[in-house]
Amino acid sequence: MMILDTPIESLPATSPLTIKRLKLIGIETYCDLLNYFPYRYEDYSIISPIMSIQEGETVTIRGTVIKSTNEYTKRGYKLQKITLQDKTGSLQITWINQPYLAHIFKTGVTLSVSGLVTRFAGKLTLQPNGWEIIKDESMHTGRIIPVYSEIHGLSTKTLREKVFHVISHLKNTQEPPESLPTEVLIYNNLISFHEAYIEVHYPSSKERLKQARLRLGFNEMLILQLSLLLKKHEQKQKKVMYQFSLDDIEKKQKIKNFIERLPFKLTNGQKEAIYDIEQDLKKQNPMNRFLQGDVGSGKTVVAALAAYITYLNGYQTLIMAPTEILADQHYQTMLRLFKETSVKIAIQTGSKKNLKKDSSNFDIIVGTQALLTKSLIFNKVGFIVIDEQHRFGVAQRALLKEKGGEPHLLTMTATPIPRTLALTLYGEIDLTVISEMPQGRLPVKTYLVPSKKRQKAYEWIKNKILTDRCQTFIVCPLIEESKEETKISVKAAKKEYERLQKNVFPTLRVALLHGKLKSKEKTEIMQEFTRKKYDILVSTSVVEVGIDIPDATIMIIEGAEKYGLAQLHQLRGRIGRGNRQSYCYLFSDNQEPAVLHRLNFFSSTTNGAELSEYDLHHRGPGNIFGTNQHGYLKLKIASLSDISLIKQSKNAADYLIKKSPDLKLFPKLLSSLNSNQPQTHLGKSSTI
Ligand code: ADP
Ligand code: MG
């Protein structure tokens, strides 16, 4: 048996309570303990001589306690004062209101304290933030020590002791066994698995720690890459239920006519996307394509064309959108685009239900989550479109796919994800990017408005609306982190709506839209806004996605600092969709330099990819993907913003798969793949 398989019950001097607590966080064996990585380190390897410390430095000192008292002040504070002495001098350090410390800091003990050096009553002292009684020299001193997250009453000290025990057993073994072939280690300049695990918990130097984290991060990312590659392979093995053919002349003519009837010329980006999709639809294995195009780049018509091809082959298309408003808009768009054809279109949402049970009368069915209702049966679905896919959970996507056997799948999003990252996260998917906008679009002019210019901005907007007959969105601040709309945000939006109508724009027609309205009301308001019955639409942030109102050319975003750049970009994408100049005003009371920098950066560019790179760098990947994708983000050591690590591990994954397509040659990798398979785009392999 390997040492790593030892159950934690075998740990020496460990109370049943500690065992219980360890189990609560999923630690059952020595191996689990080893995989509980420190979240930071304390560098005790550099210990300052007391003589040398200077005001303003953060230092660690170590010495013997030569005096220890517990004093009471007149104001009722309890002060624990000690004097610590090393070879070079001594220092008094004070803790406040922690009388139990007096029992621990007995004279004669060796103590290590870290903190900020300050001056009090003319003398240097230390504001202590961490301390350690030194008992076991090799565990706690003279080195970089690990700090673990403290959870369920497990202290970092306890964890350190337990991990130390495991590490000391591993030192003379080859555990954990190496999972990578030597050439991959050498090529990528990686240390062995065994060394990495030891060094990550008890680094012998900063340099070694860096190597250890690199190695473990590499493995983590590699496992992610491998599972995506295997999934892609699996995907390519699948066979569609309904085979399309596109080559007969009649179909080709009909598609040509459809394109000619469009009110605009397709952009090159749209043509290329359609070409990619056509190639996929001809194949026997189902398409799994990700269509990424900035807001307003015209993804809908691409989906419509693919739906038409599906129809010409005699099969149905499902189009799923994240909100009723958007589903309704797509429904209207499809009705318009297919007016001259005999395509029959249905809508299925919470409030509008064209379908009972049987859907066979319809060729295109547009809807929301309502499409997932168990009782609905689809029997000839050839193609599924999921719009603004980042809004849907993994499970929902998988479920929708199940509804249709093995149909072709197109997912669309405007959230620009840096390409390398997209290929990693959606590695099992083919990617098409529409990178150009329809002609004649003018970039939205964006301004960050200081509070004192708010009134002026309102005046300007009023004039603009009256002279140009354009329309305005006013978006209320995001109140909660979650995407769900809360009562508070609805209330705030109502208040803002009243204030604007009464005090700011009394002569204009203002409407209010929020998620708590009945969906019939929502659709009505949207339609009336489209028909220009209102000049201004005040809304909460939930209505951000996908709406298309070409005459809206002004947007105010309140509390702009609360949004990530990707979200702001989505919001701003609601304007600038026609050929007129559009304007976006960001209002924010937050004056922090980082916030101003971010919002100014947003004002300086309309390029979605640049914005997402910025977010990725400054705020990490969580922001780009939102809460739905957090499954990807459970990486313990590797970071999704480490592009070179992503590339390196991708290369290694390609190499390994090439050597052994089923990974049988690398049993250790295979077993870690099976034991912690990351969640990917469509859920675990078994569900698709
Ligand atoms: P998104 O990619 O954000 O979903 P839409 O599909 O909603 O964008 O298209 C945005 C607007 O651009 C729509 O009003 C649509 O009719 C229009 N549009 C789409 N393609 C073109 C084009 N090639 N030329 C001009 N306008 C277009
Ligand atoms: Mg769209």
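Does Tyr-583, at 13% relative accessibility, count as buried or exposed? Tyr-583 counts as buried, because its relative accessibility of 13% is under the 20% cut-off. The structure is a predicted model, and the mean pLDDT of its chain is 84, with 88% of the residues reaching 70 or more.

**Confidence**
- Confidence in the chain is highest in helix 11 (residues 299–312), at a mean of 96, and lowest in helix 21 (residues 622–625), at 48.
- The pLDDT is below 50 over residues 623–633, a stretch that has 32 contacts in the model beyond near neighbours in sequence.
- Residues 677–688 also have pLDDT below 50, and beyond near neighbours in sequence this stretch has 44 contacts in the model.

**Aromatic pairs**
- The whole structure holds 19 aromatic pairs, among them Tyr-458 and Phe-587, whose ring centres are 6.1 Å apart and whose planes stand at 85°, so the pair is edge-to-face.
- Tyr-458 lies in helix 15 (residues 454–468) and Phe-587 in strand 20 (residues 583–587), so the pair ties together parts that are 129 residues apart in sequence; both residues are buried.
- Trp-460 and Tyr-583 form an edge-to-face pair, because their planes are at 70°, with ring centres 4.9 Å apart.
- Trp-460, in helix 15, and Tyr-583, in strand 20, tie together parts that are 123 residues apart in sequence, and Trp-460 is partly exposed, with a relative accessible area of 34%.
- Phe-258, Tyr-308, Tyr-311 and Phe-338 are linked by ring pairs into a cluster.

**Charges over rings**
- The charged end of Lys-157 sits over the ring of Trp-131, 4.0 Å from the ring's centre.
- Arg-572 lies over the face of Phe-602, at 3.7 Å from the ring centre.

Conventions: Residues are numbered from 1 along each chain as its sequence is written. Chains are lettered from A and ligands numbered from 1 in the order in which they are written. This is a predicted model: local features need pLDDT of at least 70, side-chain atom pairs count only at pLDDT 80 or more; totals for chains, interfaces and linings use all residues. Side-chain values use heavy atoms; hydrogens and water are left out. pLDDT is the predictor's confidence in each residue, from 0 to 100. Helices (H or I, at least four residues) and strands (E, at least two) are DSSP runs, numbered from the N terminus. Contact means heavy atoms within 4.5 Å. Rings of Phe, Tyr and Trp (its six-membered ring) pair if their centres lie within 6.5 Å; planes under 30 degrees apart count as stacked, over 60 as edge-to-face and the rest as tilted. Buried means under 20% relative accessible area, exposed over 50%, partly exposed in between (1.4 Å probe, protein chains only). A charge sits over a ring if NZ of Lys or CZ of Arg is within 6 Å of the ring centre and within 35 degrees of the ring normal.
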